[in-house]
Amino acid sequence: MAPVADLPSSPSIPVAESNLQPFFILHKASPRKPATKTRRKIDLSPRIADGSTEEHIDNLRFETFKFLWSNTESVIKDVLKNLNVNVFDEIDKWVHVSFDAIRACKNLDSASSTRPYPILDNESIAVPGASRQIFTGLLFTKNMEFVDDILTFSDLGEHLKSRGCYVANFSSLDFSAKNGVGGCLKTLLRQFLMVNIDAPEMSILASWYTEQGNNENPLVLIIEDVERCYGPVLNDLIIMLREWVIKIPIILILGVATTVDSLRSTLTSNGFLYLSVCEFTLGTPAERMDAVIEAVLLKRCQRFSVGKQVSTFLRNYFLRHDGTLTLFLRALKIAMVQHICAAPFLRCTFRKLVDEVSSKDFDDNSILLTETFLKQARDIPSFQRYCRRSANSANWANGLSDMKRLRKLWSSTVMCLYEVGKYRRTTLLDLYCEALEPGPDNSSPPDDMQLPKHNTMLLHNHDSIGCPKKEGYVVWAIQRVRDLPVVELCKLLNRWEMLTRGMTEIHEKVKELHSLTTLEANHPKLDQTETPRRQAARNKVNEKTDKATVNEKVATFLQCIVGEYIQPIESIPFNEIVFFDDAEKLQTALIGDPRRRIQVDLLESNKFLKCSCCSKNSGMPVPSMHNTSIMYSLAQEHGDLINLHEWYHSFKSIVTGTRVQVQKPKKRLKLSPSPSPKKQKDSNEQTKNRSDADIQAEFCRAVIELQMTGLLRMPSKRRPDYVQRVAFGL
């Protein structure tokens, strides 16, 4: 960077005045002699190497998080969009039907479109109600917080645009008393015409819609949160649009979180009568949550998942915030960050591990063959249990393959239980938390029912293995399967067959049970009127017996897969790489501890400023530190009360460089070259030029900053020469 004295003569300043270049005001390095520079380079080489290693690890963390969260976020967006696609199709169909009804009234030319509202006779009106009302769709979102609906209305606008509609999105901030209806009209013209107009009028929109050949497509105005809108402005806009409804066929879509009564309370009676209402309803927050859990934590669980404690915390966090899905996803994102930062090497290389597991042969660049990786892998508890003899790439490959296989089987079993839980509206998040409940280890299961490649167990009582609790969900699900009719049981097995595709361990058995149930459902029943009484009674008993046998087989199969695959996460090989189960760390990251963070930043300010001279003093205050950091470091030497006079003199001795620092007798310090006479002379002149008034001003400013951060309490009238410390310890 050029010196300050050379700036006026620089030829580039008049050409680009806004071209701001970076500058430094702290510890600007002065030019050194070549010999001294070589000596400094030797002393600082280990520190530079450590810094590069730490920077490399940070880059690995960031790349891994960016890869994982970008994939997770795209999956969530696709799931939520597919969840609403049926409602969006219904809205699109209704929009075009309403548009055809408006156009059936009368076609206007460009000359009549800019005239006042025409008085239509009965002969020119095909649908009389269309000339007096605005077609309005009420989209009930069922969300307490509007933040979950932002993406929904954005997807709705894109969906209608893809079907040939002109769409303008309005938020509740556009309907304010300050902007009035003129501000709404300006926003409307800007979104439809793509230009800014200083004097907005509806005739401009009417002429654009007629002259530019745009009158073949409907105009849709989406108001995202009607309850938060300013009522008089919204009412005036509806009255104005009603006057132009034939010339400009605008169709309204209003987002409503509660009921239609909220719209009646927002508008006047006349304004509400101008609306021809049609109602649409989105899915509930619980349905959206189930879809997200299924897509993120069950179907894509090979890279990241959460344990029992974190899943319970996320469920309570979701319920405490009135089912706000955005806050749940924010907490899940922070959990992923905490998981990646906990062990930088293993979890940052797991992205490559998953790709290498599928191949049996590993090349020379394989991460499984590196000694550094295997050395760090030995610290994993599950690795020590799984690979007791030796740690090599083959053990890693087998362990990761088992982990992926067991996770898929676990997820499929949970989804089978969830299909049964739909009969009593059980949420997938509750079932996910209960499935992670630790249970007893399986030991010597009987072989009454064989599943391929694995031993299974037959459970006959409610206290057996595989049931987390005596009165838990699994017990209810098994009993529910026993009581299902044959037709419903056939539908259930059909859904199970789709969920278990790709898992040969249980898919073949599901197909066998499905065929058996289908045969039972299609079995012809004898006519009871034409059969003797004794034979009819015998046939009825046989039907009940056959039904009980089929249901019992399905219930027994459900017990088997639950007991075999619903296991604690600690029993899964290498679960530490995928699962995050530190709820305390997640809670601290979400809620935060600002006072402790401020204390740490003040005491370790050199880490943020990256100051080399301050870091050499091992936390001791030096004149180059920030004044507030010096003051708080000196405050650690006092108790509850700090004497202002002693505090000031200590601060003055630090900033003037006159404080004597006591060195430890046993520690031998390295000799450092004395500063040059010229530099020593300059520092002495700067110290002499600082008056007591300047030092007192800096002292007072630092005290006020500590008070504003909540670390100090100012002096009282009883003791005006003392301040009180508020925060102690870290």
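Biologist: Why is Asp322 called partly exposed?

Modeller: Its relative accessible area is 47%. Buried means under 20%, exposed means over 50%, and partly exposed is in between, taken with a 1.4 Å probe on protein chains only. A value of 47% falls in between, so Asp322 counts as partly exposed. This is a predicted model, in which local features need pLDDT of at least 70 and side-chain atom pairs count only at pLDDT 80 or more, while totals for chains, interfaces and linings use all residues. Residues are numbered from 1 along each chain as its sequence is written, and side-chain values use heavy atoms, with hydrogens and water left out.

Biologist: Where is the place of Asp322?

Modeller: Asp322 is in the loop between α11 (308-320) and α12 (325-342). Helices are DSSP runs of H or I with at least four residues, strands are runs of E with at least two, and the numbering starts from the N terminus. Phi of Asp322 is near 60°, a positive value in a residue other than glycine.

Biologist: What is phi of Lys142 near?

Modeller: Phi of Lys142 is near 60°, also positive in a residue that is not glycine. Lys142 sits in the loop between β1 (134-140) and α4 (150-162). With a relative accessible area of 40%, Lys142 is partly exposed.

Biologist: What makes Lys299 and Glu294 a salt bridge?

Modeller: A salt bridge is a side-chain nitrogen of Lys or Arg within 4 Å of a carboxyl oxygen of Asp or Glu. For Lys299 and Glu294 the distance from N to O is 3.4 Å, so the pair meets the rule. Lys299 is exposed, at 58% relative accessible area. The rule gives a count of 13 salt bridges.

Biologist: How many residues apart in sequence are the parts that Asp430 and Arg315 tie together?

Modeller: Asp430 and Arg315 meet in a salt bridge at 3.4 Å, N to O. Asp430 lies in helix α18 (residues 428-435) and Arg315 in helix α11, so the pair ties together parts 115 residues apart in sequence. Asp430 is partly exposed at 33%, and Arg315 is partly exposed at 21%.

Biologist: Which residue forms a salt bridge with Asp692?

Modeller: Lys652 does, with the closest N and O atoms 3.1 Å apart. This pair links distant parts of the chain, Asp692 in helix α31 (residues 692-708) and Lys652 in helix α29 (residues 644-655), 40 residues apart.

Biologist: Why is one side of β8 and of β9 left without a neighbour in the sheet?

Modeller: Three strands form an open sheet in the order β8-β10-β9, with antiparallel pairing. β8 (641-643) and β9 (712-713) stand at the edges, each with a single partner strand, so one side of each has no neighbour in the sheet.

Biologist: How do you know that β8 and β10 pair?

Modeller: Two strands pair if DSSP finds at least two bridges between them. β8 and β10 (residues 722-725) have three bridges, in the antiparallel sense, so they meet the rule. Leu641 stands opposite Gln724 in β10.

Biologist: What makes α10 mostly covered?

Modeller: In α10, 11 of its 14 residues are buried. Among them are Pro285, Met289, Ile293 and Leu298.
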